[in-house]
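Have the structure open as you read.

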Amino acid sequence: MWLGKAKHFPRFPGASGRIHQLCRLRSGPSGDEGILVGARRSDVLRAEFAGWDPRIAEVLSKVQSVFRWALYDREPLPTWTKGRLSLLGDAAHPMLPHLGQGANQSIEDGMALATILSRATNATAPAALLAYERLRRERVAAVQRGARESGLRYDSAYADLGVRDAEITAHAEFRKRLYGYDVVPEAQAAATGVN
């Protein structure tokens with residue numbers, strides 16, 4: 001990943017290195033962010049990164065397809081559950097992609113919800129949904145905030161880039177907790193409090 005003022009350029013290999021996904025993430029006016037994957041107008045994308053690392057120019061010279069979409073940041077919702085209805089995944093906690101956690105948090109939600117509901121009855125289902133929400137809401141709110149903060153770091157939104165670099169280094173401990181987390185034991189404990 002290459003970091004620069006108001007934009008950064010991550011590159012992810014796939015298919016045993018035969019395919020590469022690349023993004024240009026750029027902060028825009030009023031906090032609106034946009035992603036270009038590839039480049040519909042690859043000349044515009046190449047111009048944005050002119051003078052950056054020559055490896056970026058090499059990658060951009062091979063771009064074959066392009067997509068563009070906006071990124072929208074949302075504050076954590078105060079509640080996800082009402083009666084026998086509860087949200088999960090992006091419906092409950094949309095997040096910016098700067099930690100790569102949108103799908104992962106949805107999977108954690110699904111595991112937590114399945115674990116808790118597997119021990120619920122028709123009568124206890126509303127309480128089980130509330131237990132799921134209580135279990136997940138704080139963690140995903142922290143991940144949402146972490147994604148927002150990482151975006152600021154990656155876009156070099158700092159007067160002193162040494163501070164940014166120190167924060168990226170210090171962020172390693174947060175990433176260990178993020179990536180090493182197992183939701184099932186906590187969901188099992190939450191489920192026992194429902195019945």
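Helix H3 passes helix H7 in a right-handed crossing, meaning that the near helix is turned clockwise from the far one by less than a right angle. Their axes come within 8 Å and cross at roughly 35°; axes here are lines fitted to C-alpha atoms over the stretch in contact, with angles from 0 to 180 degrees between N-to-C directions. Helices are DSSP runs (H or I, at least four residues), numbered from the N terminus.

Which residues of H3 and H7 make the contact? From H3 come Glu-108, Met-111, Ala-112, Thr-115 and Ile-116, and from H7 come Val-183, Val-184, Ala-187, Gln-188, Ala-190 and Ala-191, where contact means heavy atoms within 4.5 Å. By class, the set has eight nonpolar, two polar and one charged residues.

A word on the model: it is predicted, so local features need pLDDT of at least 70 and side-chain atom pairs count only at pLDDT 80 or more, while totals for chains, interfaces and linings use all residues. Residues are numbered from 1 along each chain as its sequence is written, and side-chain values use heavy atoms, leaving out hydrogens and water.

Now stay with H7, residues 183-192, where Val-183, Ala-187 and Ala-191 are buried (under 20% relative accessible area with a 1.4 Å probe, protein chains only). Seen down the axis, the buried residues of H7 fall within an arc of 70°, so they line one face of the helix; the arc is taken from the directions from the axis to the C-beta atoms. These buried residues pack against H3 (102-117) and also helix H4 (125-154).

Definitions and conventions
Buried < 20%, exposed > 50% of the residue type's maximum accessible area, 1.4 Å probe, protein only. Helix = DSSP H or I, 4+ residues; strand = E, 2+ residues; numbered from the N terminus. Nonpolar A, V, L, I, M, F, W, Y, C, P; charged D, E, K, R; others polar.
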